[in-house]
Amino acid sequence: MFESLQPVPADPILKLAVMHREDPNPNKVDLGLGVYKDEQGHTPIMRAVAAAEKRLLDMEDTKTYVGMAGWARYNELVAEVVLGDNNAYAAAGRLAIAQTPGGTGALRVVCDFINAVKPGAKVWCGKPTWANHHALIQAAGLELAEYPYFDPATHSVDFDAMMATLEAEAQAGDLVLVHGCCHNPSGADLNIDQWQALGELAQAKGLIPYVDIAYQGMGAGMEEDAAGLRLVAGMVDEMVIASSCSKNFGLYRERTGTAIIITKDADTAAMAQGQMNGVIRGNYSMPPSHGALVVQTILDDAELKADWLAELGEVRERIARLRKQLVQALQDAGVEQDFSFIERQNGMFSFLGVNKDQVDTLVNEHSCYMVGSSRINVAGLNDNNMAYFAKAVASVL
Ligand code: LMR
């Protein structure tokens, strides 16, 4: 049967890490894969994570199974992180939650859950969105549709076009996938008035908001980054959320995420939990334990939590500083084009806004690795490579 296999193109994002690793150029710059890097170009283990891991090593006395939805306490704590402390949904029993293998696992569990409830349901994705959204939605058997999101001419959200498309074409029961914050790949987020308008549209048309919040805390702050999501959650009966601890806890390889389903009442939530557990059982049975225990240990300990928040604040400030420095470095390299939009965007990503040929030149001739769309991970910049990168960009413009 394997004669029918065809070569599959490498993943457009993950392949960049390999290309960078194999490039012997000492000046190479890695702005590809979305992982945070410090000034030394290293992705550190956060202080609170290392401390929690030490504790766990001393305390853990079994490796028996955890259960399909993972650790209940972790789920409770992450629901507070995402929806707010003492949120009304948890109090009313309106949540079904599962700890998942990463944010990607959460997205897939949510998609499988939706497909079990409403086979072939339509999910509206912004254009552009994280490339893997398409694969995940389609692999689950759902129908993919697109709404316009980013306008390259203004380097910002084309909210009128987004709303006009959803208003005209989306139907009751369709899902609308939006990024909670730090839009991947554009760095252009909805403002709070736009979230409000989106919530009103969802309410009026019976659309179900599907929020992917993979970068909470990397934009304006843990609470600020969830403000839009929380606003919309308060306006609708039903909503689905995929959250990730990969970036804000730096737990990438520990695959730590959470699928959250908000239902209109507690009875429905209990059935949603059963359905979600069922799709998990039929897929990977239960999630890995370690990353979730680390997060739980941190969030349940005032001192570790404060240290984690402080370090996350340092990360956030560094990213904001790099954005400013890049705009300045491009000017210093003689670029006349206005790149000030980079400073206005959030999180790790921005589109440089150069074309595919220019990206190819940056990658192949300057060893500056970025996604083909010209998405750069700003966190890959540092004092050592900033001027080199700016010069390379100047040379292709
Ligand atoms: C990214 O967009 O680079 C990250 O979310 C990592 C990934 O899995 O693609």
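Student: What does N184 do at the ligand, in terms of distance?
Tutor: A polar side-chain atom of N184 sits 2.9 Å from an oxygen atom of the ligand. A polar contact here is a pair of N or O atoms within 3.5 Å.

Student: Before I go on, where do these coordinates come from?
Tutor: This is a predicted model; local features need pLDDT of at least 70, side-chain atom pairs count only at pLDDT 80 or more, and totals for chains, interfaces and linings use all residues. Residues are numbered from 1 along each chain as its sequence is written, and side-chain values use heavy atoms, with hydrogens and water left out.

Student: Which residues surround the ligand?
Tutor: I13, L33, G34, W130, N184, Y215, K247 and R375. A residue counts as near if one of its heavy atoms lies within 4 Å of the molecule.

Student: What are the distances for G34 and R375?
Tutor: For G34, a polar backbone atom is 2.7 Å from an oxygen atom of the ligand. For R375, an N or O atom in the side chain is 2.8 Å from an oxygen atom of the ligand.

Student: And how much of the ligand's area does the protein cover?
Tutor: 82% of the 260 Å² of accessible area that the ligand has on its own. The areas come from the Shrake-Rupley method with a 1.4 Å probe.

Student: Switching to the fold. What is the strand order in the sheet?
Tutor: The open sheet has seven strands in the order β2-β10-β9-β8-β7-β3-β4, with mixed pairing. Its edge strands, β2 (95-100) and β4 (143-148), each pair on one side only. Strands are DSSP runs of E, at least two residues, and helices are runs of H or I, at least four, numbered from the N terminus. Two strands pair if DSSP finds at least two bridges between them.

Student: How do β3 and β4 pair?
Tutor: Strand β3 (residues 122-127) pairs with β4 in the parallel sense over six bridges. C125 has E146 in β4 as its bridge partner. Together with helix α6 (residues 131-139), β3 and β4 make a right-handed β-α-β unit. Right-handed means that, with the strands pointing away from the viewer, the path from the first strand over the helix to the second runs clockwise.

Student: What about β7 and β8?
Tutor: Five bridges join β7 (residues 175-179) to β8 (residues 208-213), and the two run parallel. V178 stands opposite V211 in β8.

Student: How many bridges link β3 and β7?
Tutor: Two, also in the parallel sense. V123 has L175 in β7 as its bridge partner.

How values were computed:
Polar contact = N/O pair within 3.5 Å; in protein donor to acceptor, adjacent residues only side chain to side chain.
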